[in-house]
Amino acid sequence: MLDLSLFPPTTVIDGADLRVGGCSLIAISEEFGTPVFVIDEAALRSRACEYMQEFTNQHSRSRICFAVKSFPSASIIRVLAEEGMGFDVVGAGELRIALAAGADPATIVMHGNAKTDDDIRAAIEAHIGYIVVDGFDDIRRIETFATARVPVLLRVSPAIEVSTHDALATGSVATKFGLPIDQVPDAISRMRSSATIDLQGLHVHIGSQILNLDQFEAGVAALARLERFAVYDLGGGLGVRYVYDDKSPNIAEYAKRLTGALHREIGESTDLLVEPGRSLIAPVGLTLYRIVTVKRTTRTYVAVDGGMGDNLEHSLYGQDFSPLVVGRWEEEQVVADLVGRHCEAGDVITPHVSLANPQVGDLVAVPVTGAYCFTMSNNYNAALRPPVVFCQDGIARLGVRRETFNDLMAREVS
């Protein structure tokens, strides 16, 4: 029996088709074209509720803030705001998208290792929940623009090495994020002497795509070496399965271990913030492509009508995926490199993968693309960025339309 465990939860086989949220992928490809990002809306809502329930069951004073950077679309934020989630934004751009989508400013936390004057002004003017101070320049900027006390958290760099790609590790000794522990007392003292800064707590984030829960506990232990505060933001970073051999903790396990570490190391009478991105959105999305060419040379290359313009995960981080050729469930498997159409040798979606008898014109569905693929979509070779389609109860609705050539030319002035 075909293993669909990496696909969005509502995915089922329907003859030579796949359905997500009751919607035919063949019909989606015909109506919206390919490539296209497909979101299982019921699964997205369910996963958001699961995050909130699991954490509040363990620690009643928990707030879950979706990391907007993992899918910075008003269409996604609107759904999550309806479910009662908060939001973690980086800079004024993500803040404006979140506000436009209806996010409650009081539930928003702003990050950024290099916040500009515009970022700080926007956060202050919107009266967001917290600005996360990443360094002394943030302190100076807040004091420059604030006319009343601004609630902030201080990001601490815990000097922890984690088991993930180097580019996804954000809490190491060499990180650009936050302040090392030996500089934290000076920063605390500086903020407490300020008339416009209200320091309420600490923040830590050790990285992304982390599968070892011990490493999250180490982040909490690092904060416990400092004085106690009313608020602790423990970031995000929980990893997900991308290929069938991967093993990842579930949300319940993550919540139990993280809150357990908080209670053990710091105490139970605090507010807790957690910022999931990848672990919330990645498993509920897939990307649908059409095969453009099959080339057999020293290797077999199956090239689709997208690639690094809509999925940079393999190019940047070496991440592999588990694609399926839609409808060819029982046919002979071919080991091939699934590649894109862009003029770049690194334009690879996933190498050395088994595909069932791939033919020109076939649809290929790549699961677990809900995080960072939309985020990093680009116009390499003047490709048009894909649409986002939400599927629920047999209805496919457009969340983000496909980019047009007029969009592509809109910023040209001569």
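Trainee: Which residue in β2 is the bridge partner of Asp14?

Mentor: The partner of Asp14 in β2 is Asp17. Before we go on, remember that this is a predicted model, in which local features need pLDDT of at least 70 and side-chain atom pairs count only at pLDDT 80 or more, while totals for chains, interfaces and linings use all residues. Residues are numbered from 1 along each chain as its sequence is written, and side-chain values use heavy atoms, with hydrogens and water left out.

Trainee: What makes β1 and strand β2 (residues 17-20) a pair?

Mentor: Two strands pair if DSSP finds at least two bridges between them. Here 3 bridges join β1 to β2, and the two run antiparallel. The strands themselves are DSSP runs of E with at least two residues, while helices are runs of H or I with at least four, numbered from the N terminus.

Trainee: Why are β1 (12-14) and β3 (23-24) said to stand at the edges?

Mentor: The open sheet has 3 strands in the order β1-β2-β3, with antiparallel pairing. β1 and β3 each have a single partner strand, so one side of each is left without a neighbour in the sheet.

Trainee: Leu18 is found in strand β2. Why is Leu18 called buried?

Mentor: Buried means under 20% relative accessible area, exposed means over 50%, and partly exposed lies in between (1.4 Å probe, protein chains only). Leu18 has a relative accessible area of 0%, so Leu18 is buried.

Trainee: Which residues does Leu18 touch?

Mentor: Contact means heavy atoms within 4.5 Å. Leaving out residues up to four places away in sequence, the contacts of Leu18 include Leu4, Phe7, Val326, Trp329 and Ala365.

Trainee: Why does Glu313 count as buried?

Mentor: Its relative accessibility is 2%, so Glu313 falls in the buried class. Glu313 lies in helix α11 (residues 313-317), and among the residues it touches are Tyr242, Arg278 and Met376.

Trainee: How are α2 and helix α9 (residues 251-265) packed?

Mentor: They pack at an angle of about 30 degrees, with their axes 9 Å apart. The axes are lines fitted to C-alpha atoms over the stretch in contact, and angles run from 0 to 180 degrees between N-to-C directions. The contact is made by residues including Tyr51 and Phe55 of α2 and Tyr254 and Leu258 of α9.

Trainee: What makes both faces of strand β8 (residues 130-133) covered?

Mentor: Tyr130 and Val132 on one side are buried, and so are Ile131 and Val133 on the other. In a regular strand the side chains alternate between the two faces of the sheet.

Trainee: How many bridges pair strand β7 (residues 108-111) with β8?

Mentor: There are 2 bridges, in the parallel sense, and Met110 stands opposite Ile131 in β8.

Trainee: And which partners does β13 (residues 271-274) have at Leu273?

Mentor: Leu273 is the bridge partner of Arg63 and also of Asp233. Strand β5 (residues 62-67) pairs with β13 in the parallel sense over 3 bridges, and strand β12 (residues 231-233) pairs with β13 in the parallel sense over 3 bridges.
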